[in-house]
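Visitor: Please show me the model, and then let us discuss its fold and its ligand surroundings.

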Amino acid sequence: MSSLLQGVNLYLIGMMGAGKTTVGHLLAKQLGYAFVDTDDIIAQAAKKSINEIFAEAGEVGFRQIESDVLAQVCAHTKLTVATGGGIVLQRENWGYLHHGLIVWLDVPIDLLYERLAEDTTRPLLQDIDPKGKLRSLLEQRTPLYKQADLRIPVNATETPEQIADKIMQAIPSVLKPTTVNS
Ligand SMILES: Nc1ncnc2c1ncn2[C@@H]1O[C@H](COP(=O)(O)OP(=O)(O)O)[C@@H](O)[C@H]1O
Ligand SMILES: O=C(O)C1=C[C@@H](OP(=O)(O)O)[C@@H](O)[C@H](O)C1
Ligand SMILES: [Mg+2]
C-alpha cells in the first residue's frame, strides 16, 4: 500500500468529532507514515490552546494560522494529516489539500453530538445551542467536504481500527497505479 501511495500525503477532513485525529494516528501507523494534526501544530507554535487562539485572534485569525500551517505541511511527503474541521472553508487551502489524497470521514450529526456533548475544547461549540450550531456548520460545509477524493461513511458501531481498515481498503480505488516497465 505504501508503495502504491508513493509517499503521497493523506489528508483527513470532516466535522469536529468525526474522528480525524483518532483515526489519523492509526492510519499513519498502517502506512508507515508520520502523523501530524494541524491543530496540534498550531497550538504548539502559538504556545496556546485552540480555545485561547480563538479568544484572542478570533476565527479569522485562527484560519490564517491554519492556512499557513497547511502550506508548510504540504511541502512534506509520507504524512497522514488530521486537519481541523473548518480547513475546507478557505479556498486557498484546497490547492494545498489537492497535493495529496483527501479523505472525508462522513459521520451523522447525532453521533458527532454524542461524541462532543461534554467537550470544552471546540470553541465553535461553546454555544447555547451546540447541536443547532453543529447542524448549521454541517449544512454549510457538506458541499465542501464532498470535494474529497474519498468519502468514508461512519456509523456508531465502527471502531477507529475498523474505520482505518475501511480507508486502507478504499485507497486503491482512487489511485492510479504507475505503469511498471519491464
Ligand atoms: N470510531 C470511534 N468510536 C468511538 N469514539 C470515537 C471514534 N472516533 C473518535 N471517537 C471519539 O470522538 C471524539 C472526537 O474524536 P477526534 O479524533 O478528536 O475527532 P476530530 O479530530 O475529527 O475532531 C474523541 O473523544 C474520540 O475518542
Ligand atoms: O470545525 C472547526 O471549525 C474546528 C475544528 C477543530 O478541529 P477538529 O475538527 O479536529 O475538532 C479546530 O480546528 C477548531 O476548534 C475549529
Ligand atoms: Mg482533531
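**Fold and ligand shell**

Guide: In this predicted model, the elements of the protein follow the order α-β-α-β-α-α-β-α-β-α-α-β-α from the N terminus on.

Visitor: How many helices and how many strands are there in the protein?

Guide: The order of elements, read from the N terminus, is α-β-α-β-α-α-β-α-β-α-α-β-α. Counted by type, the protein has eight helices and five strands.

Visitor: Why is the protein described as being as compact as a globular protein of that length?

Guide: The globule rule gives 16 Å for 182 residues. The protein is as compact as a globular protein of that length because its radius of gyration is close to that value, at 16 Å.

Visitor: Among contacts between residues at least 6 apart in sequence, what percentage join residues at least 24 apart?

Guide: A contact here requires C-beta atoms within 7 Å. Of the contacts between residues at least 6 apart in sequence, the share that joins residues at least 24 apart is 77%.

Visitor: Which helix gives the most to the shell around ligand 1?

Guide: Ligand 1 is surrounded by 14 residues, and the closest are Gly19, Lys20, Thr21, Thr22 and Arg115. Helix H2 (20-31) and helix H8 (160-170) each supply at least two residues of this shell. With three residues, the helix that gives the most is H2.

Visitor: How many residues of the shell around ligand 1 are charged?

Guide: The shell comprises 14 residues. By class, five are nonpolar and six are polar, while the number of charged residues is three.

Definitions and conventions. Residues are numbered from 1 along each chain as its sequence is written. Chains are lettered from A and ligands numbered from 1 in the order in which they are written. This is a predicted model: local features need pLDDT of at least 70, side-chain atom pairs count only at pLDDT 80 or more; totals for chains, interfaces and linings use all residues. A residue is near a molecule or strand if its C-beta atom, placed from the backbone, lies within 6 Å of it. Helices (H or I, at least four residues) and strands (E, at least two) are DSSP runs, numbered from the N terminus. Ala, Val, Leu, Ile, Met, Phe, Trp, Tyr, Cys and Pro count as nonpolar, Asp, Glu, Lys and Arg as charged, and the others, Gly among them, as polar. The radius of gyration is taken over C-alpha atoms; the globule rule is 2.2 Å times the number of residues to the power 0.38. Two residues are in contact if their C-beta atoms, placed from the backbone, lie within 7 Å.
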